[in-house]
Amino acid sequence: MDTAKLTGAAEAAGGLSSTLSTRAGEVQSAADIPGGMWTGIDSSAASSLIGAQPSPLYDASDAFRRGRAALEDLVTGVEAAKDRLGDAQDLVGGTGITIGGDGTVTTPVVDNPTTAANNDRIAQQARQIIDAALKMAEEADQTATAAVQAVGMDVSESAIPDGKGDTPQEVKEWWDSLSDTEKQAFIAQHPEQIGNLDGIPAEARHQANMNHLASEIASGDAENGSQQLLDRIQNSWKGPESDRIYLLGFDPNGDSDAKVIAAIGNPDTADRTAVFVPGTGNDISKMGGNLDSMNRLQDATGGNTSAIVWLGYDAPDHIPAAVLDGYAKDGAPDLREFTRGLDATNSPTGTTTVIGHSYGSTVVGTADALGKQGSNDGLVARDIIAVGSPGMGYESPDRQGFIDSPRVDNTSDMHMDSDHIWAGAASNDVVTYTEVHGNAPHDWSFGGERFTTDGSSGHSEYFEQGGASLRNMAHIVNGEYDEVDHVGRRPG
């Protein structure tokens with residue numbers, strides 16, 4: 001398929017959108033008739049008549065803008081599918097295996113049994129790649145169809161459930177009640193709300209947030225690292241389905257830095273989900289390194305795992321700021337609701353593990369301890385892991401005195417059972433000795449489980465390939481507790 005015509009149509013739609021918006025502005029200015037130029041009943045009537053014209057022009061401009069976005073997304077999806085078909089052609093190259101125009105894979109007749117068996121194996125792999133490519137193209141076509149149909153549909157922001165007042169399960173039920181066209185209309189017209197609402201499925205959140213991120217970059221207001229993140233996500237969709245990155249959250253107007261949530265693999269269809277909360281000094285420009293860490297963890301689990309970087313909070317910018325627990329207090333409720341959203345959209349058999357590194361472990365501990373503070377439970381997860389932790393939640397002084405945050409001195413202060421609270425600490429990681437935010441989770445007095453981190457040095461190597469820390473975390477994510485290398489055993 002030649003997508004050049006689609007690209008040309010998208011560009012034409014974009015040009016019309018821009019022109020209509022400009023003309024609407026000119027008409028709007030014309031309605032403001034200077035008082036000294038023309039006054040009286042006729043002047044007021046003319047101004048009122050002209051003033052009513054810009055609105056439909058702006059509406060038409062928005063419709064063409066959304067049409068352009070739908071066409072561009074279709075081109076991206078089709079080109080990614082074509083790249084996958086190219087992988088199938090590369091796979092059979094030089095083997096004598098042929099792929100017909102209808103996708104039929106044919107193996108040559110050979111006398112050597114070993115060669116024949118190898119050809120059969122390669123042919124089967126090629127068929128699987130072709131099936132995946134066709135599925136990608138079909139998904140792109142269905143999404144574009146609904147998006148184009150939604151262009152002329154207006155949906156009200158007031159119809160969107162309130163994420164603060166409605167549970168993620170209620171949000172999911174509302175979303176499921178919509179037609180495909182209605183869903184695309186909400187995504188196109190209200191991407192900021194849909195993309196960051198817990199209970200909305202991953203694919204819809206991804207589509208909305210990608211539109212929002214691309215718009216932010218085009219406006220010139222995006223933070224450093226935004227373009228790199230967009231490029232990485234788009235490139236990931238050209239490969240295997242398990243490598244696709246889903247943008248589950250994007251808020252450029254956070255308290256300070258942009259808030260970003262990205263998943264490698266679809267958490268809605270994963271057997272296991274790992275949610276990683278990074279610590280001090282992290283922002284959108286550091287997402288590449290965090291995604292690399294989650295890539296390694298996903299590979300280490302060896303199965304259908306979605307590995308998520310949750311930077312849905314404003315992380316401290318530097319060590320002095322990390323002494324305060326207000327960052328954890330502010331981010332903890334959102335982390336808790338995010339796990340509830342995963343629970344609402346994931347298959348019933350899926351499991352979730354939440355991992356906090358450094359100050360991220362303080363956010364994790366605070367979020368789970370919230371279950372002890374009131375009627376709501378803590379994190380919806382099977383296991384919690386803390387690595388390089390300065391403590392998992394503790395009142396610490398700020399300029400006004402003390403912040404009212406959950407006190408976490410041991411596992412009894414948390415919602416999670418002690419057998420499912422894990423900690424790892426490198427022997428030369430000075431952060432783990434500070435106990436700035438409570439008792440160190442790797443200390444036996446904390447009451448959790450400890451695992452070895454052999455091969456990790458300092459504060460930043462817990463996710464390095466081949467290290468005991470990464471291997472043990474993968475076993476925990478998989479629920480393979482007997483395979484975890486413990487540091488002794490908990491007293492009692």
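A contact is a pair of residues with heavy atoms within 4.5 Å of each other. By this criterion, in the predicted model described here, residues 24 or more positions apart account for 74% of the contacts in the protein chain with a separation of 6 or more. The chain has 492 residues, of which 48% count as buried. Its secondary structure comprises 14 helices and 12 strands. Taken along the principal axes, the box filled by the C-alpha atoms is roughly 90 × 85 × 35 Å. The accessible surface of the chain amounts to about 22,400 Å², and carbon and sulfur atoms contribute 49% of that area.

Helix H13, spanning residues 359-369, is mostly covered, with 11 of its 11 residues buried. The buried residues of H13 run from Tyr359 to Ala369 and include Gly360, Ser361, Thr362, Val363 and Val364. Asp368 is also one of the buried residues of this helix. Several elements take part in covering the buried residues of H13. Among them are the strands S5 (272-277), S6 (305-311), S7 (351-357) and S8 (383-387). The cover also includes the helices H11 (319-322) and H12.

Helix H12 (326-345) also contributes to the lining of the largest cavity. A search of the whole structure finds one cavity of 30 Å³ or more, and the space in the largest cavity is about 60 Å³. H12 provides the largest share of the lining, four residues. Helix H8 (202-219), like H12, supplies at least two lining residues. The cavity is lined by Gly199, Ile200, Ala202, Arg205, Leu248, Pro267, Asp268, Phe338, Gly341, Leu342 and Thr345. Sorted by class, six of the lining residues are nonpolar, three are polar and two are charged.

A further site examined is Asn112, which lies in the loop between strand S2 (105-106) and helix H4 (113-150). Asn112 has a relative accessible area of 39% and is therefore partly exposed, as this value falls between the 20% limit for buried residues and the 50% limit for exposed ones. The side chain of Asn112 reaches the backbone nitrogen of Thr114 at 2.8 Å.

How values were computed. Residues numbered from 1 in each chain as written. Predicted model: local features only at pLDDT ≥ 70, side-chain atom pairs only at ≥ 80, totals over all residues. Heavy atoms only, no water. Buried < 20%, exposed > 50% of the residue type's maximum accessible area, 1.4 Å probe, protein only. Polar contact = N/O pair within 3.5 Å; in protein donor to acceptor, adjacent residues only side chain to side chain. 1 Å grid on protein atoms, 1.4 Å probe; cavity = no way out; pocket = protein on both sides within 12 Å on 5 of 7 lines; lining within 4 Å. Points joined across faces, edges and corners; volume = space filled by probe spheres on them. Nonpolar A, V, L, I, M, F, W, Y, C, P; charged D, E, K, R; others polar. Areas by Shrake-Rupley, 256 points an atom, 1.4 Å probe, with all protein chains shown as cover.
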